[in-house]
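Below is a short briefing on a protein model.

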Amino acid sequence: MGHFRSFLDGIGFFFQGLRWVARHPRWWLFGLIPALIAFALYATGLYFLGTNALDIAAWGTPFADGWSEATRTALRAVVGLALFGAALILSVVTFTAITLILGDPFYEKLSEKVEETYGEVPTGYDLPLWKSIPRSIRDSLVTLGWLLLFTIPLFFLGFVPVIGQTVVPVLGALVSGFFLTIELTTLALERRGLARKRRFGLLRGNKAPALGFGVLLFLLFLIPFVAVIAMPAAVAGAAIMVRTRLAPPVLPAGRTDGSPRVDRGV
């Protein structure tokens with residue numbers, strides 16, 4: 001029951017982020033800019049893949065050239081559909097990383113503003129932009145490598161009858177959701193001086209809320225254009241989750257700063 005409650009708490013952090021951007025619409029619009037740019041790039045790539053999926057499948061299955069037309073067409077349709085499905089899932093799980101890299105200054109400022117409504121913002125670990133962007137790219141590539149380590153076997157298990165249509169999608173959502181949370185909490189955790197290994201360890205120790213937050217976003221991001229609209233709320237929700245659950249600041253009296261102060265026009 002405790003893990004389920006923590007999972008629900010993770011879901012709740014997204015809605016807290018959504019509520020924050022609803023109260024600060026100019027910051028929501030500010031956060032839409034890099035998300036729109038990334039969405040345009042992904043939409044173009046998926047359109048190109050979708051219109052050429054059968055040709056790519058034919059290029060990748062030359063052994064089927066001598067088969068009967070019906071069998072050859074069926075095979076290549078399945079391969080083309082699988083390629084597009086894999087690209088769609090990959091676009092969902094990498095959209096956040098690419099958007100955060102493109103919009104690093106935007107989301108860094110948005111995340112800071114969210115934390116300001118909860119009190120003092122952690123300082124002392126800021127890096128100049130010319131250092132922070134390469135590090136973000138490197139960390140995102142490492143995260144993507146770990147993600148592929150899990151998702152590639154799941155992709156092939158997806159062709160197994162029954163299991164591929166029941167267990168595999170659930171496992172895929174859990175894995176993808178966890179890594180989405182890793183990407184989204186990076187800004188707030190780096191602000192606290194936590195390097196990649198420490199961030200991974202912290203989230204492994206808080207799997208239930210991390211999964212609740214990330215799985216909801218993974219499902220939302222599957223819906224066209226929702227990823228763009230929800231991205232600022234996701235960044236805000238991640239900042240709130242770090243602030244109040246993952247790494248709350250300890251106050252002198254031993255209390256933790258877990259509730260927002262009165263908003264005075266941030």
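The points that follow are grouped by topic.

This is a predicted model, in which local features need pLDDT of at least 70, side-chain atom pairs count only at pLDDT 80 or more, and totals for chains, interfaces and linings use all residues. Residues are numbered from 1 along each chain as its sequence is written, and side-chain values use heavy atoms, with hydrogens and water left out.

**Confidence**
- The average pLDDT (the predictor's confidence in each residue, from 0 to 100) is 83, and 88% of the residues score at least 70.
- Residues 250–256 stay under 50 in pLDDT and have six contacts (heavy atoms within 4.5 Å) beyond four places in sequence.
- Residues 261–266 also stay under 50, with 11 contacts beyond four places in sequence.

**Helices α6 and α7**
- Helix α6 (residues 163–190) packs against α7 at an angle of about 120°, the axes being 10 Å apart.
- That angle makes α6 oblique to α7.
- The contact involves F178, F179, T181, I182, T185, T186, L189 and E190 of α6, and R199, F200, L202, L203 and R204 of α7.
- By residue class, the contact of α6 with α7 has seven nonpolar, three polar and three charged residues.

**Residue R199**
- R199 lies in helix α7, which spans residues 196–204.
- Leaving aside residues up to four places away in sequence, R199 touches D139, T186, L189, E190 and L194.

How values were computed. Helices (H or I, at least four residues) and strands (E, at least two) are DSSP runs, numbered from the N terminus. Axes are lines fitted to C-alpha atoms, for helices over the stretch in contact, and angles run from 0 to 180 degrees between N-to-C directions. Angles under 35 degrees count as roughly parallel, over 145 as roughly antiparallel, 65 to 115 as roughly perpendicular and the rest as oblique. Ala, Val, Leu, Ile, Met, Phe, Trp, Tyr, Cys and Pro count as nonpolar, Asp, Glu, Lys and Arg as charged, and the others, Gly among them, as polar.
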